[in-house]
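This report covers the disulfides and salt bridges of one model. The structure comes first, and the notes on it follow.

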Amino acid sequence: MKRYYKKTISTFKKWNRIFCSGIVCRVNVKRDVLIVMLAVIIATVILGANYYISKKNKEQNKEKIALMQELIQEKLQENFLKKFEEENAGKVLAIQEKFDSLLWKEYRSNWYGFKIEYPQSWLVPSIKHFKQGSKADYRISFLANDDGQRNFFIGFDVVVYDVNKVKDLFVTDEFPSKKDSQLNLYECDNIRGHILETGDYPAEEIYIPPTDNCYNPVLFFSVTRGQYIYNIVPILKQNVEFYGDPMIGVSDDLPEFFMVIAQFENIEIIRPKPKPKIVQPKITAPYPVSYKKDSLGRLVCAKKNDKPKKSDTKKKKHLDMECCLDPDEYPNPHCYYPADKYGKYLK
């Protein structure tokens, strides 16, 4: 029995030495805890770094995808506009062949430096008043005489802006507004693709189709030269709302508009010189001491039966001080002398 007991105790001591060389022996607790904490920290840092890198890569990929989508959308928009322009140009040209612009009338503004032609059957151009808050300097309207036969567009305006007041096209009244004023998207701030420079017209074409996500539909032409911006804009019939494509609407209703644009021309600004102000000479002569005022407020002789004669006291010619002119007196510039009585002394 004793032998068995000693053998068991010896075995426990052996296993205790093995066990105490591990992580639960009180002698090594501090060391082991430090090792565990360090291992946890290292693992946490590695996992966090991997998560951050993964998240950063995802964000960069999203930005790249968004940029690519935006570039693709811009390219599609440009291609659409070019294709639409080509298709619409043929249609407009076919319609325009029906008009003989040789007999058109010319409107010329030497003051603002432009000339433009319009059909001879149209109404006389009229200068229009601006709406409150408008930035324009001048607006003249050209209206068709057969507006009852047109569904939506009945003429055009020429609107002139001074570049000293309105710095560029983007702040003119005709420039398209956003569909939602709260929109602040990059593509809404970037109007590229909507301003077209075509060789057919001496102006830039601003066209926004109804399919645009940011801006309201619009069609007009603009020329910037020297001091002024000239916007040529189709006029919508009064009390009529138009929700379609302005390019199609103007092509159908007002095909003359595109011929008008093609013939727009800037000319030299010629303005009449202002007439010089007539400055009345300053009267330095002394005021008469004796006079009366006639019905017109003029100073005249107060003597009822004045008979002009030379002075008995003064030998030299002197200034009249009574508004009663004598042969040896100078006329007083403050006085009025009737020609029938004093005419021969006024020569």
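R150 is buried, with a relative accessible area of 8%, where buried means under 20% relative accessible area, exposed over 50%, and partly exposed in between (1.4 Å probe, protein chains only). The model is predicted, so local features need pLDDT of at least 70 and side-chain atom pairs count only at pLDDT 80 or more, while totals for chains, interfaces and linings use all residues. Residues are numbered from 1 along each chain as its sequence is written, and side-chain values use heavy atoms, with hydrogens and water left out.

**Salt bridges**

A salt bridge is taken here as a side-chain nitrogen of Lys or Arg within 4 Å of a carboxyl oxygen of Asp or Glu. The count under this rule is 10 salt bridges. R150 takes part in one with D146, at 3.1 Å from N to O; D146 is partly exposed, at 28% relative accessible area. R150 also forms a salt bridge with E256, where the closest N and O atoms are 2.8 Å apart. This pair links distant parts of the chain, 106 residues apart: R150 sits in the loop between β4 (138-143) and β5 (153-162), and E256 in helix α5 (residues 256-262). Helices (H or I, at least four residues) and strands (E, at least two) are DSSP runs, numbered from the N terminus. E256 is buried, with a relative accessible area of 4%.

Another salt bridge is formed by K303 and E322, at 3.4 Å from N to O. K303 lies in the loop between β12 and β13 and E322 in the loop between β13 and β14, 19 residues apart. K303 is partly exposed at 45% relative accessible area, and E322 is partly exposed at 31%. Elsewhere, salt bridges that share partners join E106, R108, K115 and E265 into one network.

**Disulfides**

With a disulfide defined as a pair of cysteine sulfur atoms within 2.5 Å, the count comes to 2 disulfides.

| Pair | S to S distance | Angle about the S-S bond | Handedness |
|---|---|---|---|
| C301 and C324 | 1.7 Å | 90° | right-handed |
| C323 and C335 | 2.0 Å | -70° | left-handed |

C323 is buried at 1% relative accessible area, and C335 is buried at 11%. C301 and C324 are both buried as well.
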